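Please walk me through this structure as a tutorial, one feature at a time.

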There are 2 protein chains.
Amino acid sequence: MSDYLAMDKATLAAERDQLQAAYEAFAQKGLKLDMSRGKPAPQQLDLSMDLLKIEDYKDADGMDTRNYGGLEGCSEARAYFGEMLGTPPEKTLVAGNSSLNMMYHVIDLGYRKGFSDSPKPWKDCGTIKFLCPSPGYDRHFRITEDFGFELVLVDMTPEGPDMDQVEKLAQDEAVKGLWCVPVYSNPDGYTCSAATVERLAKMKTAAPDFRIMWDNAYGVHHLTDAHEGCPNLLAACEAAGNPNRAVMFCSTSKITFAGGGVGAVGLSDGNMADLKKYLFPMTISYDKTNQLRHVRFLQKVGLEQLMKKHAGLLKPKFDAVAETLQAELGSCGEIARWTKPKGGYFISLYLMEGCASRVVALCKQAGVVLTGAGAAYPYGKDPKDSHIRIAPSFPTSEELKQAAELLCIAARLASVEKLLAS
Amino acid sequence: MSDYLAMDKATLAAERDQLQAAYEAFAQKGLKLDMSRGKPAPQQLDLSMDLLKIEDYKDADGMDTRNYGGLEGCSEARAYFGEMLGTPPEKTLVAGNSSLNMMYHVIDLGYRKGFSDSPKPWKDCGTIKFLCPSPGYDRHFRITEDFGFELVLVDMTPEGPDMDQVEKLAQDEAVKGLWCVPVYSNPDGYTCSAATVERLAKMKTAAPDFRIMWDNAYGVHHLTDAHEGCPNLLAACEAAGNPNRAVMFCSTSKITFAGGGVGAVGLSDGNMADLKKYLFPMTISYDKTNQLRHVRFLQKVGLEQLMKKHAGLLKPKFDAVAETLQAELGSCGEIARWTKPKGGYFISLYLMEGCASRVVALCKQAGVVLTGAGAAYPYGKDPKDSHIRIAPSFPTSEELKQAAELLCIAARLASVEKLLAS
């Protein structure tokens, strides 16, 4: 291997033929692997099996969690997840098994009712725009797309969303908010800097009811001992006189059980009042028994200890992918770069423009399912068709090595094809 | 005691003074009781403590319920709750801990997206009306009120909603649906007759996307061995060529844990497709671990056996109320009548016009909280101010006897006051 960009066409053609043969050989293996979603592996889920042994049902304040009541969550859970979010219990609402669900509801609240600081409900505002730092989490963008909002692409940087772009776009009063995964972002693994948080909190927005949807999904999901983190957005917004701007989310989906965990929201008093009023007709209470079970279990095993065990399972997988990428693409010149996250669930692979969808198709044909090309961009369209999201958590290390090798062959093949065609 | 309606004013005045004294004596006791909501008693919740011992997580089809996926619910749960609803698994969606939540979502689906058979989303239809058989469940009416629909009062009868009224009102294309608790209705305890079900299924509706919100909350909640039931609405609607009209709900809120149970929906293929598409952006999956835990627990203890134990705890409470009502109001003439349900969670007490809110206020002042007068009617307004909902499940029998005695004194006092004022 050597720098593809320095090769003449004949050398490229020979390389292509070699890669084609290597690809065919892989396709013969009949692989059936899925690297498309950030699903925890069964071994990770096994770490929390003792959760199912917790039979407690009486909250510290005497509440019988088995019964109706307590829309905001049981008090122990509000305290515990408040600490995780960085909010006091009274600014913390603990919900069901899905923080995504709560994000959807916060958007619906803005849409159908409007917040207390909304001039009117968003549904009555004509065009509504939402800022989507990209690449980002497809399910975030999908929520705002579902409500008919216009998704506005903002570049993601290693410091978080490109704040020059955000500050400029926020001057448009149709822009009602921003999605953000502040720590170990999906899919780049970037963490917002203190400067980004401060600018987000202080910036002027034309919309008085601008909302930052702060999904701290990976806040404790470190892969190394160098823990990344960022300042508390709600505290920063309160200090800047914009307390309602921040709506923060976390969940145990990648701490305990992806499908049977607990989600929580941290928000200002004003937003809390709006949210409770909005939720009241919808449900009588969330599953507080599961909330209490989680608190007692996490206190028993220790959150940090548990996350270290997750890291012990995940790190070798991330390493396997990184090593393969380095070995197979590292000396091909500037046809590819990738992120080296210190936490979270994903690696971003950036290829030459126009190559991503070809690579995803090649991999699929050979039995390896990747997240669809473009999925991490608004409307599922990567303007450069260059980004691929790698989710190493679910397959075994052995499977991952195979899948990553195939991915590299496909990436090189697509690059050579592109260079030959140019 | 004798017939109040036959008393002259002087006798009534003497009776009033006596009742006033009895009331004062009660108020001195400093009672603190709540008969306002249909909350299971702790002893009922205790019946399902073995639920918390179930550590199963692998569904019969091999699905790991702890992980993401399976928006429709895990397969065993779809089969189990399908049987409860009377729908095959593929027409059954099993959700989180709240069937009310699913009702809200079905209404929001109609509102924001419209169903496949909707000419347009309900939000774009101008005035939308919803039929509310009354007295009914306040939280049903509240959902449609929250969406800004006009609530139309329909009389409730011992056979179900007054079908002459329903059929006539359904000729208005602004009328998009009907709420109904088909078995042991809240609060009367009435069960829809086969004739009612057939008329509901067959009637002509001006709106092609008319929906019957069929909340079978008490389908297995018998208090006696004379089990009431009614025909399967979805089957009737399918036979009548109106498969999408029926949306059926059930939950384990009053079978296992009120706050930590499982809710399910039974609906046509068309509605299922619409609902799944609508739910997709909102959540990745419901808590399938809790779903599986429920199936395995309920299969182990036997649903019928468990419900018999509930009845064993509930029946004496219903009897205590009924006996007190009979003893204290039975010989006062036509100032009161009440329902004698064979299942469910409530008793309806009907007083002379204009007396209900006075009675609720009197009871509250003496330490007994009843459901607010009018709560069972659209907008919380009982046109006759005559209905009181009694929820005997939560207090102990001893407390109930006291509360019912106070209620009777208040009812007699309010009646005498009214007669004196007329």
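**Helix packing, sheets and symmetry**

H1(A) and H13(A) are roughly antiparallel to each other, where angles under 35 degrees count as roughly parallel, over 145 as roughly antiparallel, 65 to 115 as roughly perpendicular and the rest as oblique. The model is predicted: local features need pLDDT of at least 70, side-chain atom pairs count only at pLDDT 80 or more, and totals for chains, interfaces and linings use all residues. Residues are numbered from 1 along each chain as its sequence is written, chains are lettered from A and ligands numbered from 1 in the order in which they are written, and side-chain values use heavy atoms, with hydrogens and water left out.

Q: At what angle do the axes of H1 and H13 of chain A cross?
A: Two packed helices are described by the angle between their axes and the distance between the axes. Axes are lines fitted to C-alpha atoms, for helices over the stretch in contact, and angles run from 0 to 180 degrees between N-to-C directions. Helices (H or I, at least four residues) and strands (E, at least two) are DSSP runs, numbered from the N terminus. In chain A, helix H1 (residues 9-28) and helix H13 (residues 397-421) cross at roughly 150 degrees, and their axes come within 9 Å. The crossing of H1(A) past H13(A) is left-handed, a term for a near helix turned anticlockwise from the far one by less than a right angle, with right-handed for clockwise.

Q: Which residues of H1(A) and H13(A) meet?
A: Contact means heavy atoms within 4.5 Å. On the side of H1(A), the residues include A:Leu12, A:Arg16, A:Leu19 and A:Phe26, and on the side of H13(A) they include A:Glu405, A:Ile409, A:Leu413 and A:Leu420. The residues of this contact of H1(A) with H13(A) divide into 12 nonpolar, two polar and five charged. In this division Ala, Val, Leu, Ile, Met, Phe, Trp, Tyr, Cys and Pro count as nonpolar, Asp, Glu, Lys and Arg as charged, and the others, Gly among them, as polar.

Q: How far apart are the axes of H4(A) and H9(A)?
A: The axes of helix H4 (residues 99-113) of chain A and H9(A) are 10 Å apart, and the helices pack at an angle of about 90 degrees. H4(A) and H9(A) are therefore roughly perpendicular to each other. Among the residues that make the contact are A:Met102, A:Val106 and A:Leu109 of H4(A), with A:Leu275 and A:Tyr278 of H9(A). The contact of H4(A) with H9(A) has six nonpolar, one polar and four charged residues.

Q: In what order do the eight strands of the open sheet in chain A lie?
A: Two strands pair if DSSP finds at least two bridges between them. The order in chain A is E2-E9-E8-E7-E6-E3-E4-E5, with mixed pairing. Strand E2 (92-94) and strand E5 (160-161) of chain A are at the edges with a single partner strand each, so one side of each has no neighbour in the sheet. Helix H9 (residues 269-279) of chain A packs on this sheet, touching E2, strand E7 (211-215), strand E8 (246-251) and strand E9 (263-267) of chain A, and its direction makes about 30 degrees with that of E2(A).

Q: How many bridges join E3 to E6 in chain A?
A: Three bridges join strand E3 (residues 129-134) to strand E6 (residues 175-180) of chain A, and the two strands run parallel. A:Leu131 has A:Leu178 in E6(A) as its bridge partner.

Q: What is the pairing in the sheet of three strands in chain A?
A: The pairing is antiparallel in this open sheet, whose order is E10-E11-E13. Four bridges join strand E11 (residues 347-351) of chain A to E13(A). A:Ile347 stands opposite A:Ile390 in E13(A).

Q: Which residues does the cis peptide bond of chain A join, with omega about 0 degrees?
A: That bond joins A:Ser134 and A:Pro135. A:Pro135 lies in the loop between E3 and helix H5 (138-146) of chain A.

Q: What rotation superposes chain A on chain B?
A: Copies are superposed by least squares on the C-alpha atoms of residues with pLDDT of at least 70 in both. Here the rotation is 180 degrees with 0.0 Å of shift along its axis (RMSD 0.0 Å). That is the relation of a two-fold axis. The same surface serves both copies, as 100% of the contact residues of chain A recur in chain B. A:Lys53 comes closest to the rotation axis of the residues of chain A, at 3.3 Å (C-alpha).
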